[in-house]
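Have the model open and follow along.

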Amino acid sequence: MMRKQLLFVLTLVLLASCRQTETEPIAPVHPIPDEKQLAWQDLEFYAFAHFNMNTFTNMEWGMGDEDPSLFNPTDFNPKQWAKVCKEAGMKGIIITAKHHDGFCLWPTATTEHSVKNAAWKDGKGDIIKEVSEAFRAEGLKFGVYLSPWDRNHSTYGTPEYISVFREQLRELLTNYGEIFEVWFDGANGGTGFYGGANEERRVDKKNYYDWPSTIEIVRELQPNAVIFGDAGPDVRWVGNEHGFAYPTTWSNLMRDSIYGGMPEYSKKYSSGQENGTHWVPAEADVSIRPGWYYHAYEDHKVRSLPELLDIYYNSIGRNSSLLLNFPVDRTGQIHENDVQQLMKLVTKVKEDFSQKVSLSVSNLSASSENGEHMVGNLLQPEMETFWNPKSGELPATVTIDFGEEQTFNRFLVQENISLGQRVKSFELEIKNENGQWEPLAKETTIGYKRILRLPDTKTSAVRFTVHDAKESPVISHLAFYNAPKLLLPPTISRDKNGLVRFDLSEEGLLSFYTLDGSDPKTDGLAYENSFELIKPGTLKAVSKDPITGKFSEPITITFSLAKKKWVVIAPEKDANHLIDDDPSTNYTSKQNRASIDMGETQEVSGFTYYPMQTRYMSGLIKDFEFYTSLDGKNWQKAASGEFGNIANSPIEQQVEFEPRTARYIRLVAKSTTDGQAATFAEIGVLLTE
């Protein structure tokens, strides 16, 4: 009898155990991505190439009246593009097959405004063919940008043009192999050449293109391609051109409420909506330079490494992909300055994620688990495996007990988006020295991937809590990393009063400097607060990581006389921008000159001119005369000449002359690069040593 009772009890225990490990089915939270959207999401990082007629006319938006023969790259090499992208870990490229000016990079049958009438290869070339083949040879994907707007075509604005546009689309989707993304711009309608009409043509952006019928063409010819547009239908614009998604970024979108070029899109829809009806994830597009197309005068304006890192973490790290644009130059290659900055970004990102905090299943515990969807699944990067708490349990918590103190400053977390985007808010807490939990970060959405840049954090345990979600969360992966400091030399500025300030690339770095030409690594003063430097001098500085003991490369800045006592003698407003030691501000002189009282006599041996630094520059001085005076009435010419190539290289210009005593200085613009009134960012003087 006892044996039968014992067997019965054991059976009950086993049945109870089986029931405890049963996996409750998880219903998807709609909308959810389809297969092509999931495949696209895995790409994360790929290239944009703006290379077209605008490259050769120095424009951003051409009017459509350009001579096709102007298109003539001198050393077109798409293999270079592909090798650069592959080395950077980018997964493919999207090229501007036709921009708003209507010039087609392939020998289309729809217009004469194409490469078939270019000087390049005597009209027998095909840019699209060569680029697509070069990228596929490297195992990379290929996509096309086709502007719906056409400022060249005579029929734009009529029903006839829609047939032209769709035939161009068919050519691109039929003749160049598999396409991974078709990109439609929201800019359409306005002034243009239009076959010689030279007029303004507006269209009903919502209805003119009959987008459902156009989308059917893509689905028919390239069923695996995603379609990009303000309203998708597959991928949406992030709503800005600086490459940032939002702290709260939903992949859900009220798609039926949107159309391409919608004025209120950026403010109302670009971050997605929690209750969105369709899955339309964000794509963050940004150029590596200020402009989308190549301009030689932007060669020195390629984005810095800190800027590019911000773009990476605010796009890929905020549930978006990153589409990084290269303005291919007139040779037909990605410019060396762009390549250099891209590789700096890639190297630093790899470095940031190279020091992963080691975790095992024994380090993890959860508030609850749903059968096979156990907390240990979080250690696997695959989306198919995930942690899911019991249904209805919120907040839901995962505790990570490192066993000993660990240091980290990056946190990565992902949802299994195949079941929908669910998390509405989450929190990270750390265990302090007293064994109490204290908050580290509070955020909202996760989506495909969320990466947090955190302060250097040392703790023995972390608690990850989902406080709010649309349904029970499905978290596929989490990880901690200890990224090295971004060790760059300090950014150094000096204001009009001679106050010098250092800005460090990251918190926690130290900086050292010298003013006598010696090595700041060994002889430097520690920078603690801003300091005064009135007289001309050469400052050398380095940054130091106190944890590793490593130094940055040194930076050397040569300062001219500070402008503390200077006064601009001018009637125009904003004259003080000329001497505020801030190159981002400008002064425009209708008199085409700038006169300055330095406040006291100086032994002057030269001057400096910093041209306007805004994106769209004007009034850059080409031919100049420079004068000095003791009394502001009697002027003597000290120098004259030309600022050679300043239009293409708008950097600070320096001119030396025979030393002379002066209190007043005057720079006169005899001519400017564009015939507009002379502009000045800064003027300085060189003093006799």
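Predicted model: local features only at pLDDT ≥ 70, side-chain atom pairs only at ≥ 80, totals over all residues.

P31 sits in the loop that links α1 (2–21) to α2 (35–43).

You'll find N58 in the loop between α3 (53–57) and α4. With a relative accessibility of 33%, N58 counts as partly exposed. K121 is another non-glycine with a positive phi, this time of about 55°. Its loop runs between β2 (92–98) and α5 (127–137). K121 is partly exposed too, with a relative accessible area of 44%.

Here are those two side by side:

| Residue | Phi | Relative accessible area |
|---|---|---|
| K121 | about 55° | 44% |

Now for the helices. Two packed helices are described by the angle between their axes and the distance between the axes. Let's start with α4 (residues 78–87) and α10 (residues 336–352), whose axes come within 10 Å and cross at roughly 20°. Angles under 35 degrees count as roughly parallel, so α4 is roughly parallel to α10. As for handedness, the crossing of α4 with α10 is left-handed.

Which residues of α4 meet α10? They are Q80, V84 and E87, and on the α10 side the partners are V339, L342, M343, V346 and K350. Sorted by class, this contact of α4 with α10 has five nonpolar residues, one polar and two charged.

α4 also packs against α5, at an angle of about 35° and with the axes 8 Å apart. Left-handed or right-handed? The crossing of α4 and α5 is right-handed. From α4, the residues involved are P78, K79, W81, A82 and C85, and they meet E130, V131, A134 and F135 in α5. The class count for α4 with α5 comes to seven nonpolar, no polar and two charged residues.

C85, one of the α4 residues that meet α5, has a relative accessible area of 0%, so this cysteine counts as buried. C104 is buried as well, since its relative accessibility is 0%. If you were wondering how many disulfides turn up, a search of the whole structure finds zero.

Finally, zoom out to the whole protein. How many helices and strands does the protein have? There are 11 helices and 33 strands. Along the principal axes, the C-alpha atoms fill a box of roughly 125 × 70 × 40 Å. The chain has 689 residues, of which 54% count as buried. And if you take the contacts between residues at least 6 apart in sequence, 74% of them join residues at least 24 apart.

Technical notes: Residues numbered from 1 in each chain as written. Heavy atoms only, no water. Axes fitted to C-alpha atoms, helices over the stretch in contact; angles between N-to-C directions. Helix = DSSP H or I, 4+ residues; strand = E, 2+ residues; numbered from the N terminus. Parallel < 35°, antiparallel > 145°, perpendicular 65-115°, else oblique. Left-handed = near helix turned anticlockwise from the far one by under 90°. Contact = heavy atoms within 4.5 Å. Nonpolar A, V, L, I, M, F, W, Y, C, P; charged D, E, K, R; others polar. Disulfide = S-S within 2.5 Å. Buried < 20%, exposed > 50% of the residue type's maximum accessible area, 1.4 Å probe, protein only.
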